Amino acid sequence: MRSPRVFAVDVGAAHVSWGVFSAGASGRLVLQQFAFERHSSDPARESRWATDIGQALGLILQRQKSTGPVAVSVPGHLVLVKFIKTHSIEPAKRGKIIAFEAAENIPHPLEEVVWDYQVVSDDSFDLEVMIAAAKFEAMQSLCGAADAVGLPIERATPVAVTVRHGFRYNYPRTVESVIVADIGARSTQLLYLEGDRFYVRTLALAGNAVTQAIAEELGTDFASAEALKVQVLSGLSDRPAHSPSRLAVQRAVENFTARLQLEITRSTLNHRRHSGGATPVALYLAGGGSLLPDLATALKDKLQIPVERYDPLNMVDLSGDARAAGADSAGPMLAGLVGLATRLVAKQEAEPSLLPSSVTDALALRKRQPWFLAAAALLMTALLPPVLYFQSLARKNNADVVALEREMAPLRSLQTRNDDNQRHIEEVRKQIDALRVAYETRANWVNFFADIQSRLAKVEDVWLDRLQVIRPPAGSEAATPAATAELPAADPNAPADGRPAVPATPPLRLTLSGRLLDVANPQSRVSEGSLQRVQELLTSFAGSRFIASVENEHFDNSQNGLLRFDFTLVLNPQNPL
């Protein structure tokens, strides 16, 4: 059975280191495989930082065969670290209190950052907590760049925490108060360790400060200044000892050393004042910036404490492949890398995670996929016998259906003919009903005109000039309210012979125009009596069995001796014409 391994990636501002660790038989860490790639730390390329990381990881994978989910240390310039103190509270209730403190101490809305915390100490009175946060966009870009080359990130830990893990593993007997200064390209992590307690301060003072000072003094760009710095400090430059370029590098290094000493002194005083910690007894230097010549000596003289280089590989065995890949020479820059793997051989401590929740969910799903596939395979195996049985049953049922279809074919032909005959009968019945209505109403127009004539004769001296039939629009079916309001109740003695009732349609309307002669006043306006006679005529019309109502009454008495009138008769649908 293969022993557990950790795929670790230390992401720096100017380099990417990659290693595969395992636990040896002696209980020590073993660095099985190693790779190291540099990339530009030029501030002008900050927008391409995640792309540069992805390219560096791609170059590493071209040389390595082992791949898998990786643990990543997040560089200090991406991480905001805050230490808070609050009253001790039981673990179940800490979440809300620490979330409130995070909102107060992180200068960004919490929804824009990935944040987590780690308990530093809890003495039942005071609770000291470290809060770590990184921009969500930056972490999403970093995870995307790694995933794009086939290295999904399963852990993302602040580099200060991984350096602490590595130091505690490599120097297990050091319990006094010490400082570990991890000097990178864009930031320096000052890590104060005292027993199990720790404190972190991030300085925006690092190797790039030296490069920037050189570029400003010589009036050159950042890349040229960086190349000059590396050549001079590595002893590969052939420039004269007192050349302006060498002097510029020397002054930049001296200024950086002085500023770093002041920052370490100030940070130490602040830490002791707020935490009550002991005076540090030693300073350990790590990171690429620690390789500056005479840095350790200058800091020792200024701080008056022992200063030595931190050896991240002190308790780490190297395989032949790792030695051949240059792990020995890259040792000062492996402080964060080793700390990612110490959980293989040491007690696993709680640590803040800066992995976005979306990446965590995707990784969890990816880890469960083999179980899902195994469950699916098991389910398919269990369902195979029932599936075969039901397939056989389905084939038998299909054969029965085909036989029944052959028997049903003649019956369906008879059913089709019966349906055609039934439709023909319905059409003939409708024609008979229409003819019956026409037969029953054949004399209604004669009776209607006779009724009109009799009502005109009763009034006397009145005649009609015009009669016009207004039929309802084609397709109209609903009767108007005026027509239906006067409909008589259905005859209870009507024969129930099963014939369909005549569909209700809007009634016919007749527009009538006529005149009434005022015999008593032939030379003057018509009298009130003439108006009353016309009203009696209209009332008489409304009482006819052929008429449902009278509408649109209009009178004109502008001509002497004559009263013109026009109105509309709404015919009764129960006595159609």
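## What counts as a pocket

On a 1 Å grid over the protein atoms alone, a pocket is an open set of points with protein on both sides within 12 Å along at least five of seven lines, and its lining residues have an atom within 4 Å of a point. This is a predicted model, where local features need pLDDT of at least 70, side-chain atom pairs count only at pLDDT 80 or more, and totals for linings use all residues. Residues are numbered from 1 along each chain as its sequence is written.

## The second largest pocket

Let's start with the second largest pocket, which is lined by 45 residues; A14, R38, G288, G289 and M333 lie nearest its centre. Elements giving two or more residues to this lining include β1 (5-11), α5 (207-218) and α6 (222-233). Helices here are DSSP runs of H or I with at least four residues, strands are runs of E with at least two, and both are numbered from the N terminus. The largest share, six residues, comes from α6.

## A look at α5

Now for α5: this helix has 12 residues and spans 17 Å from first C-alpha to last, close to the expected 16 Å (that is 1.5 Å times one less than its number of residues). Buried here (under 20% relative accessible area, with a 1.4 Å probe and protein chains only) are G207, N208, V210, T211, I214 and A215. Seen down the axis of α5, these buried residues fall within an arc of 155 degrees, so they line one face of the helix (the arc is taken from the directions from the helix axis to the C-beta atoms).

Technical notes: Heavy atoms only, no water. 1 Å grid on protein atoms, 1.4 Å probe; cavity = no way out; pocket = protein on both sides within 12 Å on 5 of 7 lines; lining within 4 Å. Buried < 20%, exposed > 50% of the residue type's maximum accessible area, 1.4 Å probe, protein only.
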